[in-house]
Each structure stands twice: as C-alpha cells, then as structure tokens.
Amino acid sequence: MAAGGTKSWLGAPLLRPRVAFFELTSCGGCQLQVLNHEGTLLDFLSLVEVTDFREAMTERSHEYDIAFVEGCVSRSDEVARLRQIRRNARTLVALGSCACFGGVPRMKNRFPDPGLLAREIYGEYPMATETVRALDEIVPVDLKVHGCPFPKEELEKVVLHIALGKAIETPRHPICFECKANGNVCLFDLGELCLGPVTRGGCSAWCPGNRFGCWGCRGPADDANLDSLRAIAKEHGFSGEDLADRLECFGGFTPREAPEPSPRRKSRKRGTR
Amino acid sequence: MLFRVFDQGELPILFSALTARHEVIGPVEAGVDRHGKPFYAFEPATDFRALRLAYTTTKLPAKRYFLPCREDLATFRTSGSDWSKTVEYNVDRPRVFFGLHACDINALNKLDKVLTGGDYPMPWYAAKRRNMFIVGVDCEPQPSCFCRSMGADTALSGFDLFLTGIGDRYFAEILSNNAYNLLRGIRAVEPGEEEHVLYRRAVAEKTRKYTARVDTTDLTKILDMEFESPVWKSWGEKCLSCGSCAAVCPTCYCYGVEETVDIDLSVARKTKTLYSCNLVDFAQVAGGHNFRPESHSRLKYRYYHKHRGFVEAYEESLCTGCGRCGETCLAGINVPDVIASVRGEGGA
C-alpha cells in the first residue's frame with residue numbers, strides 16, 4: 001500500500017519505513033482506528049510503506065521495519081507468532097490497551113480455574129485459551145501507544161516522528177491536568193467516579209470531557225497514587241468494589257504475573273530513581 | 001481615584017453599552033454539583049440576565065483568556081527547502097471582563113510583574129492584557145477564601161471600574177478614562193460622606209466574614225527552616241501529582257514549548273502549553289535525569305515558588321488566596337492547612 005513517492009521535509013528526503021499491522025487477541029478496533037480520520041489518512045499513509053495489514057489490504061509480507069501489534073496474547077500459537085514478528089521487526093510497537101497490558105481480556109485471569117470460562121463460553125467446542133498476557137510479558141516492546149482505542153493523533157505523531165527522526169514522547173502524567181485545561185468540571189464534584197487522577201494522560205480527557213468517568217483504558221500514569229485515589233473514592237461514597245471493577249477493566253492496573261519490562265521502561269527507571 | 005454612585009438598575013445599561021461593541025466575559029452558572037449547589041464559570045455573555053454577579057467563585061480562573069493552556073507562538077510554512085515564519089499574538093479584539101473579584105484582579109497584577117515587567121516581556125500575554133477592560137465586583141468570602149491573609153482581598157490597581165454594593169446602589173471606583181466615559185452613559189453621581197460611610201461599612205462587613213486564614217508572618221524564613229520538615233512527605237503521600245492545582249490557579253504561568261509538524265508536512269508549529277510543577281516530568285532534563293522524582297518534593301517546590309521565591313523577588317506572594325487549588329484538590333491539599341502544618345500548627 002503505497003501512496004505517492006518519497007516525501008521530503010525542508011528539501012531533505014524522509015525515511016519511509018516499511019510498517020506492518022498485526023492483531024492478536026483483540027476486537028480489531030485499534031486497527032480500525034488506524035484507518036479512521038479520513039482527512040489525514042492519505043498523508044499518514046504517504047509517510048510509511050505498509051507491507052502487511054490484514055484489516056486493510058490483501059497483500060502479505062514478512063518484510064517490515066516497524067511492527068504495530070494490536071491485542072494481547074491468550075493462545076500458544078500467538079506466543080509463537082509474536083516471537084516471529086519480534087524477530088522480523090526492528091521496532092515493535094504495542095498498539096492499544098490489550099497489547100500494552102492485556103486489556104479487557106485480562107479480566108479472565110481472575111478465575112483460578114482457567115478451564116471454567118472455556119466450558120462456560122465454548123461448551124463442547126475446543127478452545128485453547130490460556131492466561132492473558134501483554135506483549136512485553138513475552139518479548140521486549142520498544143514503544144507503547146496507549147488507549148482503547150488510542151487517539152489517532154497519537155499514532156500519527158509516532159509515525160511522523162519516526163519519519164522525521166524526532167524523539168517520541170509518551171505522556172506521563174494523569175489525565176486531570178488536560179481535563180482541567182479543557183475547562184471541564186471534576187466529575188467527582190458532579191458525583192461520578194473517575195480514574196482520571198491515576199490514568200495516563202494524552203487522550204485530551206476524551207471521556208470525562210463528555211461527562212463519562214474515566215475507566216483507565218490508558219493504564220496507570222507514572223507515579224500514579226492509587227492509595228490516595230482509594231481514599232478519595234471512599235470519601236466520595238464509592239465502594240471498594242466500584243473502584244476495583246474500574247481498575248480491573250482494561251488490565252492496566254492489574255499486577256503483572258511475570259513482568260518482563262520493556263527496554264523503554266528500564267531506561268526511564270534509570271533516569272528517575 | 002475617582003468615585004461614583006449609581007442605582008443597581010443602571011448596571012444593565014452599562015453592560016449593554018459594553019456588549020454592543022465588545023466581547024464580554026462574565027461569571028455565569030455552569031451547572032450544579034453533587035450537593036445541589038450551583039457552580040460558575042467565566043464565559044462570554046451577551047445577556048445581562050445570564051450574569052451571576054453574586055457568584056461565590058468560579059472553578060476555573062479567567063486565565064484561559066490571557067494565558068491559554070495551549071497557544072501557537074509561531075507557525076512555519078514550508079515550501080520545498082524554503083520556509084517562512086509567522087508570529088501571531090492570538091488576540092484580534094479587546095475583551096471586557098465583567099465581574100472579576102479582587103483576588104482575580106490581583107492575580108493579573110502579579111502575572112504582569114512576571115510576564116510584562118521583566119527584561120523579556122511575553123508579547124503573547126501583553127497583547128491580550130493591554131486589550132482588556134475590567135469591571136471588578138465585590139464578593140462574599142467563602143470558607144475556602146484566604147485572600148485577606150495574602151493581601152489580595154482588595155484591588156488597588158489593575159482594573160478599570162470596581163463595583164461595591166451599598167444597599168440598592170453601587171459604589172464605583174474609577175481607574176481609567178474609558179471607565180469614566182462609560183459611566184457618563186448612565187445616571188451616576190459623586191458620592192458624599194454618607195456613601196463613603198456605607199462603602200467602608202460594606203468592606204468592614206466583608207472583612208468580618210473570613211474564616212480561613214494563613215499566617216504569613218516570617219513565612220519565607222520559616223519555609224527555609226522547614227525545608228526538611230516531615231510534613232512535606234505526608235502531604236506528598238496524598239498528592240496525586242495530577243497538576244489540577246496549577247490548572248485552576250490564576251497565577252500559575254509555567255509552561256513547556258513543543259515543536260511539531262503537521263502530518264501533511266506543510267506547516268510546523270512552536271506551541272506553548274501550560275504545565276504544572278507537580279507533574280512527574282516537570283524537572284526532568286535532557287539526558288533523563290529528574291531533579292524531583294518524588295511527589296512530595298514537587299509539591300514542596302510549588303509552595304516554595306508561591307510563598308518564598310516570589311516573595312523574595314517581588315516582595316509579595318504569588319498566591320492570591322482565592323482558594324481554588326484547595327477546592328479542586330481531591331486529596332484535600334490546601335494552602336491554609338499546608339502552611340499551618342509547616343509552621344507546626346496542626347498535622348498534615
């Protein structure tokens with residue numbers, strides 16, 4: 001999928017990386033989000049050469065520099081597939097909540113008997129479903145694009161910055177700051193529960209801005225103060241269960257079983273501790 | 001200073017005279033909170049009946065009109081290997097602020113010192129600030145208001161017209177030609193001794209209503225002495241590092257600048273974004289070192305800037321005592337309690 005020739009910036013030709021999009025266990029919504037935003041779609045596609053994108057085209061290829069992977073790992077064949085993608089790609093990007101930390105499917109890990117859900121849902125039909133894991137619990141991940149789905153602008157920026165050779169910054173603070181910047185009134189003041197105070201910003205407070213309390217789809221902000229939020233939720237009359245349900249929904253706040261930090265996280269820790 | 005007195009019924013005429021030619025921003029009701037209490041916001045208003053001049057306070061200050069959270073400082077249009085730069089101050093008309101409280105007028109005066117008073121004035125702020133007409137109104141001290149402790153309960157400058165209710169009349173203070181000329185459009189008279197007494201009585205009555213206070217005696221010195229105080233850690237344990245305090249603060253002006261390129265590669269931008277010293281990467285520098293990785297140290301420096309550093313530089317606090325940060329903080333961190341705990345009066 002190529003649109004036009006190589007682009008240039010101030011006279012210098014730009015890198016035009018070969019990129020591929022893959023999905024593991026997921027709803028496909030993040031890939032759909034890649035294709036959304038028709039106004040900028042052609043500009044977006046002109047910055048990269050898409051070599052594999054099942055949701056958008058028929059051609060398949062193992063030749064790519066950057067792999068964008070949507071979804072979590074919930075089957076053994078997905079483990080093998082992810083390892084293969086990691087071997088093929090110079091850069092592996094986790095796309096969306098499922099890839100970053102397991103997403104909604106991670107909720108099933110709460111059941112101690114892994115066969116229970118398979119029997120309940122699939123009955124007699126065989127289904128090889130395993131414990132849900134995020135990409136970085138299996139292979140090193142170079143970059144995470146958070147959200148369910150992520151804002152398209154965030155991915156556009158990633159691709160653009162790769163093409164321009166600029167650093168890619170992941171927002172690190174909670175959503176509250178941008179929520180206030182947008183002129184919103186705090187949902188706690190309006191009597192609603194919201195995970196904005198602990199969830200990674202960068203979404204421009206999409207949900208709280210529409211009077212829908214945050215469910216934490218972007219996972220925890222760096223330095224998220226969960227203990228403080230628990231006290232605040234209690235003080236505002238929300239039960240521990242209300243809060244636990246939200247924190248569990250997208251998997252970002254669920255403790256890791258076999259953490260395998262990505263190189264990016266490691267380097268951040270070196271910088272801050 | 002010139003004074004005038006006029007009937008409250010004249011105010012809509014004055015308002016109409018302003019709205020006829022200008023955009024007018026004023027306090028309007030923006031909703032009802034979980035306790036059933038109305039809350040207010042500074043919004044453009046064209047109908048006098050929409051104004052709520054007896055408003056308590058607003059959740060957010062009027063800051064976004066002169067220090068927007070996001071603002072392009074310059075744009076660069078590219079064409080081949082060539083480019084051209086455009087600088088816009090992002091203001092195309094004068095604005096009227098109708099109904100600012102003294103604390104918010106004082107906030108502007110404090111911002112002026114930093115953003116227009118130094119060797120390097122900020123033109124994006126100055127252009128908006130110079131194009132303002134401000135009508136101040138008196139207020140009813142709320143439980144969270146400690147402006148009197150910060151010397152910001154009364155405004156001596158920084159407005160065009162300031163109105164204080166005396167019975168069914170307004171006592172108007174005039175600070176500009178524009179305000180003087182505006183008042184010529186309504187029936188206003190010079191106050192006599194009786195009105196002076198009524199004005200002083202109204203102010204005294206307001207002053208009696210303050211419940212929150214901050215003891216600022218020797219505060220810069222005490223903050224220096226208590227730099228290692230354990231109270232900072234206990235406030236830090238509560239702090240969400242969310243930056244809401246700075247976002248609602250009428251005087252927080254810290255910002256970051258980001259350079260971006262539009263996805264169609266036609267335009268690049270230098271964009272200023274307000275930031276908060278409580279955010280985790282505020283003090284992170286090139287190379288990755290973070291000077292304030294812990295939330296308590298960031299919270300502490302926010303207080304040191306407001307109540308120590310700024311006082312040493314400008315002989316006044318950067319805090320107006322409007323109380324918005326304490327009201328917005330979900331963790332209940334507020335200036336009177338924090339300062340009291342640092343002074344050893346009451347725990348964190």
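In chain A, residues A:T40, A:F44 and A:L47 of helix α2(A) meet A:E156, A:V159, A:L160 and A:A163 of helix α6(A); two residues are in contact when their C-beta atoms, placed from the backbone, lie within 7 Å. Helices (H or I, at least four residues) and strands (E, at least two) are DSSP runs, numbered from the N terminus. This is a predicted model, in which local features need pLDDT of at least 70 and side-chain atom pairs count only at pLDDT 80 or more, while totals for chains, interfaces and linings use all residues. Residues are numbered from 1 along each chain as its sequence is written, and chains are lettered from A and ligands numbered from 1 in the order in which they are written.

**Helix pair α2(A) and α6(A)**

- The contact of α2(A) with α6(A) comprises five nonpolar residues, one polar and one charged; Ala, Val, Leu, Ile, Met, Phe, Trp, Tyr, Cys and Pro count as nonpolar, Asp, Glu, Lys and Arg as charged, and the others, Gly among them, as polar.
- α2(A) and α6(A) cross in a left-handed sense, meaning that the near helix is turned anticlockwise from the far one by less than a right angle, whereas clockwise would be right-handed.

**Interface of chains A and B**

- Chain A places 34 residues in contact with 39 residues of chain B.
- On the side of chain A that touches chain B, two or more residues come from each of α2 (38–47), α6 (152–164), α7 (176–181), α8 (226–235) and α10 (263–272) of chain A.
- α7(A) gives the most to that side, with four residues.
- By class, the side of chain A that touches chain B has 16 nonpolar, nine polar and nine charged residues.

**Domains of chain A**

- Chain A has domain 1 (8–169) and domain 2 (176–249), with bounds from an automatic or database domain assignment.
- Their C-alpha centres lie 26 Å apart.
- Domain 1 of chain A gives 10 residues to the contact and domain 2 of chain A gives eight.
- Helix α4 (residues 97–101) of chain A supplies the largest share of the domain 1 side, three residues.
- That side of domain 1 of chain A holds six nonpolar, three polar and one charged.

**Domains of chain B**

- Chain B is divided into domain 1 (2–66 + 89–208) and domain 2 (219–254 + 277–342).
- The C-alpha centres of these two domains of chain B are 28 Å apart.
- The contact takes 24 residues from domain 1 of chain B and 19 from domain 2 of chain B.
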